[in-house]
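Hi everyone, thanks for making time this morning.

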Amino acid sequence: MWFDLVFYTLGALLIVGGLAGAILPSLPGIPMVFGGIWLVAAVDDYRHLGLWWLLLIGALGALGVIVDFVAGTLGAKRVGASKRALWGASLGTFVGMFFGIPGILIGPFAGALIGELSSGTSVLRSTHVGIGTWTGLLLGALVKLVISLVMVGLFGLAMLFG
């Protein structure tokens with residue numbers, strides 16, 4: 001009984017921390033939400049949240065992680081970035097992950113900017129591509145937050161009616 005309470009509390013903390021991570025780029029939001037949901041389901045012996053619920057919530061989580069990773073690149077592509085800028089945005093996103101919040105905010109922008117500059121376009125055009133990349137990241141964060149909330153909502157439905 002005591003361990004169940006500890007694990008339910010840990011699951012709830014993971015879910016709340018994951019929702020914060022959907023906004024704060026330094027936390028792996030969606031994996032934390034899914035981990036918390038899975039922990040609560042396991043403690044509950046999967047009575048309310050079975051395989052199909054977990055697969056559905058996990059598929060949504062996988063979609064959210066993919067959207068989060070490619071959002072900056074899609075933002076750059078939307079404003080007509082060159083292939084070098086798209087590669088720069090992807091590389092900047094990857095490298096930026098290792099430098100916390102500043103790296104995640106600056107990396108994709110800088111990568112797209114440098115990539116576009118290396119393709120011979122003007123500084124103004126390159127900056128426009130960098131801003132498009134950053135806008136894509138912001139929209140990706142919004143999508144990630146919405147997916148996280150849908151995951152929690154499905155979890156709530158399963159716990160109430162499953």
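Let me start with one term: a residue is called buried under 20% relative accessible area, exposed over 50%, and partly exposed in between. Take Val-150, then: its relative accessibility is 38%, so Val-150 counts as partly exposed. Val-150 sits in helix α6. From Val-150 to Val-70 there are 80 residues in sequence, and their C-alpha atoms are 20 Å apart in space. Please keep in mind throughout that this is a predicted model.

Now for the overall picture. The C-alpha trace spans about 65 × 25 × 15 Å along its principal axes. Of the 162 residues in the chain, 36% are buried. And if you take the contacts between residues at least 6 apart in sequence, 66% of them join residues at least 24 apart.

On to the way the helices pack. Let's begin with helix α3, residues 51-78, and helix α6, residues 123-161. Their axes are 6 Å apart, and the packing angle is about 170 degrees. That angle makes α3 roughly antiparallel to α6. What kinds of residues make up the contact of α3 with α6? There are 18 nonpolar residues, eight polar and two charged.

Next come helix α4, residues 83-96, and α5. Here the axes come within 7 Å and cross at roughly 160 degrees. These two helices are therefore roughly antiparallel to each other, and their crossing is right-handed. On the α4 side, the residues include Gly-88, Ala-89, Gly-92 and Gly-96, and they meet α5 residues including Gly-103, Gly-107, Gly-111 and Gly-115. By class, the contact of α4 with α5 has five nonpolar, ten polar and two charged residues.

Helix α5, residues 100-118, also packs on α6, at an angle of about 145 degrees and with the axes 8 Å apart. The crossing of α5 past α6 is right-handed. Among the residues in this contact are Pro-108, Phe-109 and Ala-112 from α5, along with Gly-130, Thr-133, Trp-134 and Leu-137 from α6. The class count for α5 with α6 is twelve nonpolar, four polar and two charged.

I'd like to stop at one residue from that list, Thr-133, which is found in helix α6. Is Thr-133 buried or exposed? Its relative accessibility is 0%, so Thr-133 counts as buried. Which residues does Thr-133 touch, leaving aside neighbours within four places in sequence? The partners are Gly-72, Gly-75, Ala-76, Ala-89, Pro-108, Phe-109 and Ala-112.

Last topic: the aromatics. A search of the whole structure turns up two aromatic pairs. In one of them, Phe-94 and Phe-98, the ring centres are 5.3 Å apart and the planes lie at 85 degrees, so this pair is edge-to-face. How accessible are the two partners? Phe-94 has 40% relative accessibility and so counts as partly exposed, while Phe-98, at 59%, counts as exposed.

That's my tour, and I'm happy to take questions.

Notes:
Residues are numbered from 1 along each chain as its sequence is written. This is a predicted model: local features need pLDDT of at least 70, side-chain atom pairs count only at pLDDT 80 or more; totals for chains, interfaces and linings use all residues. Side-chain values use heavy atoms; hydrogens and water are left out. Rings of Phe, Tyr and Trp (its six-membered ring) pair if their centres lie within 6.5 Å; planes under 30 degrees apart count as stacked, over 60 as edge-to-face and the rest as tilted. Buried means under 20% relative accessible area, exposed over 50%, partly exposed in between (1.4 Å probe, protein chains only). Axes are lines fitted to C-alpha atoms, for helices over the stretch in contact, and angles run from 0 to 180 degrees between N-to-C directions. Helices (H or I, at least four residues) and strands (E, at least two) are DSSP runs, numbered from the N terminus. Angles under 35 degrees count as roughly parallel, over 145 as roughly antiparallel, 65 to 115 as roughly perpendicular and the rest as oblique. Ala, Val, Leu, Ile, Met, Phe, Trp, Tyr, Cys and Pro count as nonpolar, Asp, Glu, Lys and Arg as charged, and the others, Gly among them, as polar. A crossing is left-handed if the near helix is turned anticlockwise from the far one by less than a right angle, and right-handed if clockwise. Contact means heavy atoms within 4.5 Å.
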